[in-house]
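Welcome, and thanks for opening the viewer. Let's take a short walk through this model, one selection at a time.

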Amino acid sequence: MPATRCIIRAKRVAHSQHINVEDTVLVQKWRQGDPSAIEQLVCKYQGRIYNIILKICSNPNDAAELTQDTFVKVIENIGKFESRSGFYTWAFRIAVNLTLNYRKRKATVGFTSLDAELAAGDEQARQGLSAILSDDKALDPAQIAENRELCELIQKGIRKLDEEHRAIIVLRDIEGMDYEQIAEVLGIELGTVKSRLSRARAALRQILEAL
Amino acid sequence: MNFEQNPKIEELLNSYIDDELSADERSEVQRLVRKNHTIAQRLRQLERCKALVSSLPPAEPPAEVVAGIKQLLRSHSANTSKSKHIESQRGARHLFVRQVMAASIIIGLVGIMGAVVYRIVGPEETITPIVAVQPAPTIKPTASPVATKPEETKKTVVVAAVENTTSIGLYSLQLQTADFTAVDAYVNKLLEESPWLRYEATKDQPGKSVYRILCSIGGLEAMMSDLATVWSKFDSTTLIVRTDNVGQYVTVTSVKPEQIADIARQDTIDKRIKLANNFAMLNSVEQIMPGEKMLAATERSMPELTTIPKPVLTSGDKNTATAPKGAWDQVQVDLNIIVTGHK
């Protein structure tokens, strides 16, 4: 089949399944022997994949290693990628699975010094967080992002969540995936996504209130 | 309201803030929020919690991660091009093997076709040299008591020079008889006692004997003369004569022994075919008008065709030493005699 016809067909399939057309075309080009296509895909997603891995595993060194491992897997297995899902969800699924498996292997690593760190935390940031949660203070995302101490507190709160809740919060609220994409990445039903996300947010709120 | 005991409302509120509800569901949630202060407060808490997490700045991957991934891509591209080169080499080798195989098959097919064509249009098979053995007269033992040695038979080897001789391919003489056993035994004995002809007998079916005869024209005449003695025993006599054209034959039904000898005596195949056709026509007319004398319209004077000289029954003890005239001549006749009984 000529390359142009393959790409047109891939685009049509991607449109019908609400898959990112640009990614689908790049995958198709890579299969037809264009090495620059995979480079474009890697450049497009390397930052986002590193970010969610770091948010889930909480360790920059581990995140760097897991990001590389993810792209090794992506490059090794892209020949088996069947385009039934989008490249985006497929790559993120690899990343999340690698990270969760890694975390399970190193279950003891993580929160050993968290309480001590919290004890030494900025009291002002804690008060600010409490005010935001109690609905007493107006919420300005830009201000929160600039407040390093507050961000640290929030990240510590996320780290206190269990793996499943942390992963779903990261995918929804940080990566901004919709429920269907989350279901695909985590390999769970749509109803499970709703209930798990609901429980994860409730747990996070409790953790943040307790800080 | 305890939301832990009403997880469905919590889920609904979460779906509302994540914009995962349909228009109807959204309206329902908005109505609930307007009516119920607790639900409205919970919704705000969830929105704030979500906003807090969403506000976290994205972490940029360290430079070494990006460099590592680039290195990974470069090595992958190199491996891909190397594997492509290996694959192309493999492909070329595979193609060469296929071409060699195809050429071998074509050569084989051409060879087979050549053999088939040669067999169809090639020259007729030449008769293998025949060495005939003519037994010398038996020396009878004397009454003398001294002559106690076993009887010795002197044999004279006569070479019938038939090398490179093209035979007269009469093809076959089909004889059908009701008295198969007696007639076949007679034919068999006749051939056995005619040393000037070579024959091969095939009797692989009951009630059917096939004799391939190789002999001179004189030998054929002698054999036909002997066969004439039992000719009346045959219900059907058919001679099939070859023509120049492959697969075409002239069939002479109700053929007579002297007609067979006459056909064999012709010096060219055209003359043999012509005479065979004449005999075929005459015999068929004779069958329609029995008792009438017919003459063949051949150039030379023909013997009486319908009046066969009455055969003289010979005794079973044939004198092999007295061969008919011309019997030891060059082998020219190749004839299959097929004797069959009635089923």
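**Stop one: a core residue**

Select Ala91(A): leaving aside residues up to four places away in sequence, Ala91(A) touches Tyr45(A), Ile49(A) and Val74(A) (contact means C-beta atoms, placed from the backbone, within 7 Å). A note before moving on: this is a predicted model, where local features need pLDDT of at least 70 and side-chain atom pairs count only at pLDDT 80 or more, while totals for chains, interfaces and linings use all residues. Residues are numbered from 1 along each chain as its sequence is written, and chains are lettered from A and ligands numbered from 1 in the order in which they are written.

Now widen the selection. Ile53(A) and Ala91(A) have the most contacts inside the largest nonpolar core, which has 60 residues. A core here is a set of buried Ala, Val, Leu, Ile, Met, Phe, Trp, Tyr and Cys residues joined through C-beta atoms within 7 Å; buried means 20 or more other C-beta atoms within 10 Å of the residue's own. Its largest share, ten residues, comes from α3(A) (helices are DSSP runs of H or I, at least four residues, numbered from the N terminus).

**Stop two: the chain A side facing chain B**

Show both chains: 40 residues of chain A are in contact with 35 residues of chain B. On the chain A side, α3(A) gives the most, with nine residues.

**Stop three: two crossing helices**

Finally, select α10 (163-174) and α12 (190-210) of chain A, which pack at about 100 degrees with axes 9 Å apart. They are therefore roughly perpendicular (65 to 115 degrees; axes are lines fitted to C-alpha atoms over the stretch in contact, with angles from 0 to 180 degrees between N-to-C directions). Among the residues making this contact are Ile168(A) of α10(A) and Leu204(A) of α12(A).

Definitions and conventions. Parallel < 35°, antiparallel > 145°, perpendicular 65-115°, else oblique. Contact = placed C-beta atoms within 7 Å. Buried ≥ 20, exposed ≤ 12 C-beta atoms within 10 Å, placed from the backbone.
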